[in-house]
Amino acid sequence: MNISSAPNPVCFPIGTPNSNGLYLGDNPFNHFFSRFCFQVFLMTMITRIVRILVKPLKQPEIVSQVIGGIIIGPSFLGRSKMFVKWVFPLNSHYINNTVAKIGCLIFLFIGGVKQDPSMIKQSGRKAAVIAISGWFLTIVSILSTASFLGKYVTTDIGTKIVFYFISATIAVTNFPVAQPILAELNLLNCDLGRLAMATSLVSDLLGWAVFMATTSVRNSNGNVLRFMSYIGSMALLIIVLIYVVRPVMKWIIRKTPKRKPVNKKYIPPIILSAFIVSFVSQFMGATMAQGPLFLGLVIPDGLPLGARIVQSFETVNNILFLPFYFSKVGIMTDLFSVSSWKSWWAMQVIICSGYIGKTVGTILACLFYKMPWSDSISLGLILNFKGIIELFAFSNLLEIKVIYATAFSGLVFSTIMVTAFSTALVSILNGNSRRYLAYNRRTLEHSRPGTKIDILTCIHGDENIPSIINLLEASNSTRENPICVYAFHLVELVGRLFPIFIAHDSRGKSSSSTKDEHFVKAFQNYEQHKGGLICIQPFTVVSPYKTMHEDICKFALDKKVKLIIIPFHKQRTIVGHIDESDNAWRVVNPNILENAPCSVGVLVDCRGLGSATWTTQGSFSYNIAVIFLGGADDLEVLAYASRMAEHPQVSLTVMRFLKAYNVEDPMGDGQFDDKALEEFRYRNARNQRVVYREEVVQDGSEMVTVMRSMGSGYDLMITGRQQSSKLQLLNGLSEFTKSSGLGPVGDILASPDFFGGMVSVLVVQQQLHVRTVVFNV
């Protein structure tokens, strides 16, 4: 049933029979709260099931949400009168529609809060040219195709002006719609994703300007005075938001103590103001969607205010309110109500011509700037992503009777199909598996003596700084073997859409906010104390957890980094227990280990406990133990330990474990181990601070016993993440290990009951993948 044309609902008192002879009291979901809860549960369950089914096809969440709404609507479950009578009775439509609009308005408001209008200045001419080119060809394609097909096929889908509205809607790539899909595809932080975000921002701004102009012309009916009053009222609203509301928001931020969240008493009035502005914008002749979006744009994004608003309402809105909007879209969509399939398919051809025109226009503009073909095609497909804002625009056209119900169903169908098709192709064209492959070995083992070593260290919080500095000091940066360190302070992206990459000046005053001051100052003091023997460049990276590895891996690839050091996602407390406060970082570490273009070290920190703590007075001593079983990762550990052994305040013990009985080595890996160890012993033959030991054991259990007998006098223990697959020494370790991603030996060393949880552990993984280059002779 088309809601816009439905008769006024009749509310029956409980116990009164309706026209079908059923008592409303017989419906267990007649009570508003119980029916509301059941509707939320049903829509969530259907959406999750669809999500599970389409996720292997690399489909975004918006596709499963709209399909879930269509399943509830008259196209599927809604065809059952009993289902409609019990779950979505007629007297609940008004309430459901109200909740749906609330969800949509909050979504638009939060989308505006996340946006950073200053990015328009940074988008550059390329983004503007690409956006305008796609805009122009979209409108030309739709209008010309509609004019041509109109001579042969009757496209009875609405009023004559309908194709202008449809072409304007398809031409726009809405920024809040593109961002979550790019995040799901892990493209948000790459160059392609950043260009897509900038282009969609320009396209979105252009779309709202054209929409305001066309709406004013339509509402004025040729009356110049009415047209000017509409434009003036909207300009007045924007001026009030910029020069009255925004200063108030900045005042709230100034009232907030440093490193503290905004007082929660300010949040409800701000959300309430979004609905007030929505009413005012609709009263002035615009749509209710413009007001909340404009209000969100004037609120400073990120911490502390924007992040607090997003954290307070985004999850609640996605769980409780937005499902009703998608159910509303589904109820308004009836795929079986088509009276003329010839006319319906003609409409699909017209709509698809717009998407094709937009893709072609984008590709041509990209080729003008000499972008690769794959990136040009991918960007053209990304700019075809559609979502809730387009559905809101189509439903608004249906409510004001610009289009008919059949046309609305066709628009919803084409929106989902194009988004699903574009997302799948973009996922294929931009797989992550080979994006960060280097063309040569970027490891410590393959680095020649006397060459500079670039190390990238990641800091989650201030508690990671002492252990990282200790490790850098032990790495022994000298004039003959210098080290350049890129220190990344990783911060979760909250309350904004654009990731941030801030470069700090480690030799001068911090140019960042106070939250980074301690981080920058700590590395600045260490660099000054070293007197030029080490170079440190601090950065702040603000990005979503899911795509944070993109920034790290891309930077490591560009700077030819040899080693990335990342903190383990769990930290030990002073009594040796595991602190789960850093569990959110468990998303970042596996992505770095899988995609890094160089070697990676995972540092399990005991929060600076132990005897070794670097100080500005230079009182430093470090006792290190290396557990060597064999394999590429252990060879990388040995190369790193060789560098550390040259430090005058570092004591090093290398413990090699051998099997009691010789086992045939078909791959010959043991020869590499023996050669590396022989070279290591030769280089350190006269170094009294280096001890080399070999232990012959039967199995893993005996090896653990020997490691425990080493004592707890070490500040750091280093081992490889994965040992040689041929080793039978790992047998029997299952009872000691957990699935932490540190490997069998690293997991044992990092356990809280090993050495009382007082020894830090560094687990090293040598570079996994190298891009192969084939030369034709």
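## How H13 and H16 cross

Helix H13 passes helix H16 in a right-handed crossing, meaning that the near helix is turned clockwise from the far one by less than a right angle. This is a predicted model, in which local features need pLDDT of at least 70 and side-chain atom pairs count only at pLDDT 80 or more, while totals for chains, interfaces and linings use all residues. Residues are numbered from 1 along each chain as its sequence is written, and side-chain values use heavy atoms, with hydrogens and water left out.

Two packed helices are described by the angle between their axes and the distance between the axes. Here the axes of H13 (residues 341-368) and H16 (residues 405-429) cross at roughly 45° and come within 10 Å. That angle makes H13 oblique to H16; oblique covers whatever is left once angles under 35 degrees (roughly parallel), over 145 (roughly antiparallel) and 65 to 115 (roughly perpendicular) are taken out.

## The residues in contact

From H13, the contact (heavy atoms within 4.5 Å) involves Trp344, Met347, Gln348, Ile351 and Tyr355. Their partners in H16 are Thr406, Ala407, Gly410, Leu411, Phe413, Ser414, Thr415 and Val418. By type, the residues of this contact divide into eight nonpolar, five polar and no charged.

## Salt bridges

Let's turn to the charged side chains. The whole structure holds ten salt bridges, each a side-chain nitrogen of Lys or Arg within 4 Å of a carboxyl oxygen of Asp or Glu. One of them joins lysine 530 to glutamate 473, with the closest N and O atoms 3.3 Å apart. This pair links distant parts of the chain: lysine 530 lies in helix H18 (residues 517-530) and glutamate 473 in helix H17 (residues 465-474), 57 residues apart. Both lysine 530 and glutamate 473 are buried (under 20% relative accessible area, with exposed over 50% and partly exposed in between, using a 1.4 Å probe and protein chains only).

Aspartate 454 and lysine 452 meet in another salt bridge, at 3.6 Å from N to O. Aspartate 454 counts as buried because its relative accessibility is 7%, whereas lysine 452, at 47%, is partly exposed.

## A pair and a network

Glutamate 695 forms a salt bridge with arginine 693, and their closest N and O atoms are 3.0 Å apart. Glutamate 695 is partly exposed, with a relative accessible area of 22%, and arginine 693 is partly exposed at 32%. Salt bridges that share partners also join Arg656, Asp674 and Glu694 into one network.

Conventions
Axes fitted to C-alpha atoms, helices over the stretch in contact; angles between N-to-C directions. Helix = DSSP H or I, 4+ residues; strand = E, 2+ residues; numbered from the N terminus. Nonpolar A, V, L, I, M, F, W, Y, C, P; charged D, E, K, R; others polar.
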